[in-house]
Amino acid sequence: MTTAIHTELDADGILLLTIDVPGQSMNVITPEVQADLAAAIERLKTDETIKGAVLTSGKASGFMAGADLKGMGALFGGGGVPEGKSKMAALFDGVFGLNKLLRDLETCGKPVAAAVNGLALGGGLEFILACHYRVIADNPKITLGLPEIMVGLFPGAGGTQRLPRLMGIQPALMYLLQGKNMSPKEALGFGVAQAVVPADQIIATAKAWVKANPNGGIQPWDTKNFKMPGGPATALNPNFAQIFVGGTAMTHVNAGDNMNAPKAILSAVYEGTQVPMDTAIRIESKYFAKVVADPQAGNMIRSLFVSKQAAEKGARRPKGIAPMPTKKIGMLGAGLMGAGVAMVTAQAGIEVVLLDRDLAAAEKGKQYTADRLAKKRMDPAKAQIILDRIKPTSDYADLAGCDLIIEAVFETREIKADVTKATEAVVGPDVIFGSNTSTLPITGLAKAWSKPANFIGIHFFSPVERMPLVEIIVGKETGPEAIAKALDYVAAIRKTPIVVNDSRGFYTSRCFGTYVQEGLSLLGEGTVPALIENVGKQMGMPVGPLAVNDEVGLDLSYKVGQQTKADLGDAYKPGPADGVITKMHELGRQGRKNAKGFYVYPEGGKKYLWPELAATVAGGLAADQPSAAEVKERLLYRQLVECARCFAEGVLETPQDGDLGAIFGWGFAPFTGGPFSHMDTVGIANVVATLDRLAQAHGERFAPPQLLRDMAARGDSFYAMAAKQAA
Amino acid sequence: MTEAYIYDAVRTPRGKGRKDGKLHEITPIQLATQVLQAVRDRTGINTADVDDVVLGCVSPVGEQGSDIARVAVLNADYAETTAGVQINRFCASGLEATNMAAAKVMSGEAMFAIGGGVESMSRVPMGSDGAAWAMDPAVAYKTYFAPQGIGADLIATKYGFSRSDVDAYAMESQRRAAQAWSEGRFKNSIVPVRDVIGEIVLAHDEHMRPQTDMQSLGSLAPAFQAMGEQMPGFDAIALMRYPEIEKIDHVHHGGNSSGIVDGASAILVGNKAMGEKYGLKPRARIRAMASIGSEPMIMLTGPEFVAQKVLQRAGMTKDDIDLFELNEAFASVVLRFMQALNIPHDKINVNGGAIAMGHPLGATGAMILGTVLDELERTGKGTALVNLCVGAGMGTGTIIERI
């Protein structure tokens, strides 16, 4: 085994422990780190010549980033269960090891100081908290925190117990539940750090403390007169009671009924702070075991962390194509989308020619960036550098020299074809042309470009500067260079790409549309509108289906519906939602834009559901109302079946694309890890059974594709298929 | 089964549950002691015949802790052979204590038993005893915990009671209470509270505001809006349980909710032979008793269900009941009960209730049982159904019948 912690005993008998995990740019907790720490603790306990220890990092990148999330797979459902143990008990043993190791460190009997040179997150911070003294380098950029909750986990190595005992329960809960980081100065203020000194003095300061405090090897919470900051942790302390009454309610409101980790963190802190540390860390590990035993954390880590990083590092980039950096884009259309694309592109250091029909429109598009940078209070000089990269124009000749074109003009084929041709006339057909259409099939649009291999879909989401996803759409004739070029560009503007094949609405618009459509169907059946909206939000969608339709504009929904009907002709299948939209269109209710849609938007007041809604579109409320569970099932499975169809039809090639696109594109319940993770977790056979039942009750729109039936018959899952394909 | 009869019913006046309330200087043990002494002195019984004293108390900690019922027995100079037990059924504790006392008589466990309750809300504030329900995150999550006021506002929203509906109800409660006091309708049951030198510190309900009108009520800000809509945002939790509601209309405030007060109550229950032994005339028979559980988040719709259950236990219908007495925890609770069972306003809470006079949590149940018994006697009516909404979705009810 290689060495992960180097030891060096100085003349004062102070053992310097330097964590330096080989082969990693940043320290993470590996089995080697744990073994080396255990050995060091044993030396501290048994070697009388050693007076104490200082724990530090050998990496310039920081102190330690905690557990290696990619390496945590073994924790989730993997590993055998020893005979005579329950699965949960075995899991507990697995997760308690590190917790106990850090407890051994703080009870080794000798003073241990942490000398923290850089970021310490998750398990990294938990290492430090188990030391008796913490000195941090004076650098405001250093982040200290327990961000586990962001991926559905929670700190399982004493973090939920030591942080409250150091800083008080209420502030600790804030950091634990929000995954917020603190700076060294904040840590000092909270008592999490004891000293902040210049970076080159951290080890000397830590050693000086060890030397001066031979009896410092005991934690405050292991002393008889320990007082919990903020008052005693007992039910009869009204302050303690209030923290949990209020804290639980706020967490419940924010996380809904969907997330395991926030609830587990609250319980671990509530129960753990009332008992001594040895019992407290066992309680913490039990809740940690419960959280990791549920597929939720594994699903979240896979999508929100592993798949996201892989996508951003080019998982879907065609092999063997040299980097294709973008230096200057031609942005066709300076509306909301074009202006947003210009902004993120200029911010990434890329020149932008922002073209619209007249110069005033183009300049208005540039102003969008100026306004937003000013709102962010960016230094005017820095903002000017970004703004100088955007050249507004109405002259196609200015596109000369662009090495990527992005088109975001009106969603009609004729206009798009005109600007495409006008552009090719200036830049030639070898330049890659990306269309930001959200509905029109790319293969058809590509006909306007002489080399359709260079034509691709680059679908942004609004508002561009805030939405993290870009959907790359591959037309029938799109070539690998176009894909590589688009992905390199997306990487340059620091967004998360997915790659899908051509179809009407592609992947994200098509599947998200089903959520809205199903909401409209429920409405048309006379379901209480508030029930539809509340269930939509409670199941983890960012907004209710009616609210989102109001934002998009009901007039637009009507137009898209008419266009689709015209395009598909006889193949168009009218849905139960069509009548609702037609009725709203007839009444001139367009949504937020004219302050009347499904909601009413009083000036200066909060919007509320139009009281006449059910009477108008459904002839009144139905006598038999569906339960919340039934509404949820329909809103969820209508999306799931469309996602499965996209996979079956080859629109999607990987479940990772499907999950990332759903979470980051339309806000699909992030706690599920995405629709494909969710279907795998539910079990494909169960998904098929539910869809068959729903299709029977509500129509063919729920009918499962043959692919799902075949998978169910094989006992297969989306990610198992993906793994086989990758192998 | 042995019949259980009510031989006496007393209560203290209710003092404002604040530092400037008249009863703030009186310890809770004194309140309990004085009602027990009153029962003994008014009936002339030998307390050795009282087998048990059951007292409700909702915050049984601090000076209300450690079985205040037994300690009150000792402090009131009852026979040391009399047992005492403190119970907690939240707001119905006083009625539950009476039901338990009656059950002891019915089962033959006791000859005489006293049921009642005590709460000094000015000295031991609500919530002093902690609660796994509200505080333990796993439990609060599971039960969709929100404070009662949110449930009361949710009832108003769900069942269609506007701010003016609840305010009008509150105004009528004040009017009825004022009239009842001015006509001396409570005089038979009120035991003035005395201090250590034997002087009377309070002889009437201190919380009443007889001048209340719609305008003064209308000026009060909703009490539960901030906790519902802002911090910590309990409304959203309510909507998880009741997703068909778009938005909770916060209609309750201090003027249409029960008052926070101090007080104690006691009811002497016994079998027939005990009455004969002391020449006491049974004032009423306990005809049926019941408790129920219902959905805990909305919390306060239990009265409807416990009324149905206790009527069924008694083999009666609501039309067999002459007077209803439902604790006025919040105006919407009573309005919903009237709506659900189709009860006219002139048959319920005819002498006002806790909105006007206050709700000393542990004591109220036995207080309102005594109030309605007085009213039956005053008007020559026969039957009454007493019930209360109870925390965590419960309900407790009792039907009494004059002999």
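This is a predicted model: local features need pLDDT of at least 70, side-chain atom pairs count only at pLDDT 80 or more; totals for chains, interfaces and linings use all residues.
Two residues are in contact if their C-beta atoms, placed from the backbone, lie within 7 Å. Residues are numbered from 1 along each chain as its sequence is written, while chains are lettered from A and ligands numbered from 1 in the order in which they are written. Chain A carries domain 1 (5-293), domain 2 (328-504) and domain 3 (509-726). These bounds come from an automatic or database domain assignment.

**Residue A266(B)**

- A266(B) sits in strand β8 of chain B. Strands (E, at least two residues) and helices (H or I, at least four) are DSSP runs, numbered from the N terminus.
- A266(B) is buried, with 36 other C-beta atoms within 10 Å. Buried requires 20 or more other C-beta atoms within 10 Å of the residue's own, exposed 12 or fewer, and partly exposed is in between, with C-beta atoms placed from the backbone.
- Setting aside neighbours within four places in sequence, the contacts of A266(B) are V10(B), V35(B), L36(B), V39(B), I114(B), G116(B) and A366(B).
- A266(B) and A363(B) are 97 residues apart along the chain, and 8.2 Å separates their C-alpha atoms.

**Helix α1 of chain B**

- Helix α1 (residues 28-43) of chain B has 16 residues, which should span 22 Å at 1.5 Å a residue; the end C-alpha atoms are 23 Å apart, which agrees. The expected span is 1.5 Å times one less than the number of residues.
- α1(B) is mostly covered, with 12 of its 16 residues buried.
- Among the buried residues of α1(B) are V35(B), L36(B) and V39(B).
- The cover over the buried residues of α1(B) includes β1 (5-11), β3 (50-56), α2 (68-75), β5 (112-120), β6 (193-194) and β8 (261-270) of chain B.
- G44(B) follows α1(B) and has a positive phi, near 70 degrees.

**Where chain B meets chain A**

- Chain B brings 20 residues into contact with 25 residues of chain A.
- On the chain B side, α4 (132-135), α5 (137-143) and α10 (234-241) each supply at least two residues.
- α10(B) gives the largest share of that side, 5 residues.
- The chain B side divides into 14 nonpolar, 2 polar and 4 charged residues. Here Ala, Val, Leu, Ile, Met, Phe, Trp, Tyr, Cys and Pro count as nonpolar, Asp, Glu, Lys and Arg as charged, and the others, Gly among them, as polar.

**Helix α19 of chain A**

- In helix α19 (residues 529-538) of chain A, 8 of the 10 residues are buried, so the helix is largely enclosed by the rest of the structure.
- The buried residues of α19(A) include L531(A), I532(A) and V535(A).
- These buried residues pack against α18 (508-524), α20 (545-552), β19 (608-609), α23 (613-618) and α24 of chain A, together with α10 of chain B.
- Just after α19(A), G540(A) has a positive phi of about 110 degrees.

**Domains 2 and 3 of chain A**

- The centres of domain 2 and domain 3 of chain A, taken over C-alpha atoms, are 29 Å apart.
- Their contact takes 13 residues from domain 2 and 12 residues from domain 3.
- On the domain 2 side, β16 (469-474) and β17 (496-501) of chain A give two or more residues.
- β17(A) makes the largest share of the domain 2 side, 5 residues.
- The domain 2 side divides into 6 nonpolar, 5 polar and 2 charged residues.

**Crossing helices in chain A**

- Helix α24 (residues 628-648) and helix α28 (residues 706-714) of chain A pack at about 90 degrees, with axes 8 Å apart. Axes are lines fitted to C-alpha atoms, for helices over the stretch in contact, and angles run from 0 to 180 degrees between N-to-C directions.
- α24(A) and α28(A) are therefore roughly perpendicular to each other, a label for angles of 65 to 115 degrees.
- A644(A), F647(A) and A648(A) of α24(A) meet Q706(A), L707(A) and L708(A) of α28(A).
- Helix α25 (residues 655-666) and helix α26 (residues 675-682) of chain A cross at roughly 115 degrees, and their axes come within 7 Å.
- A662(A) lies in α25 of chain A and counts as buried, with 30 C-beta neighbours inside 10 Å.

Notes:
Angles under 35 degrees count as roughly parallel, over 145 as roughly antiparallel, 65 to 115 as roughly perpendicular and the rest as oblique.
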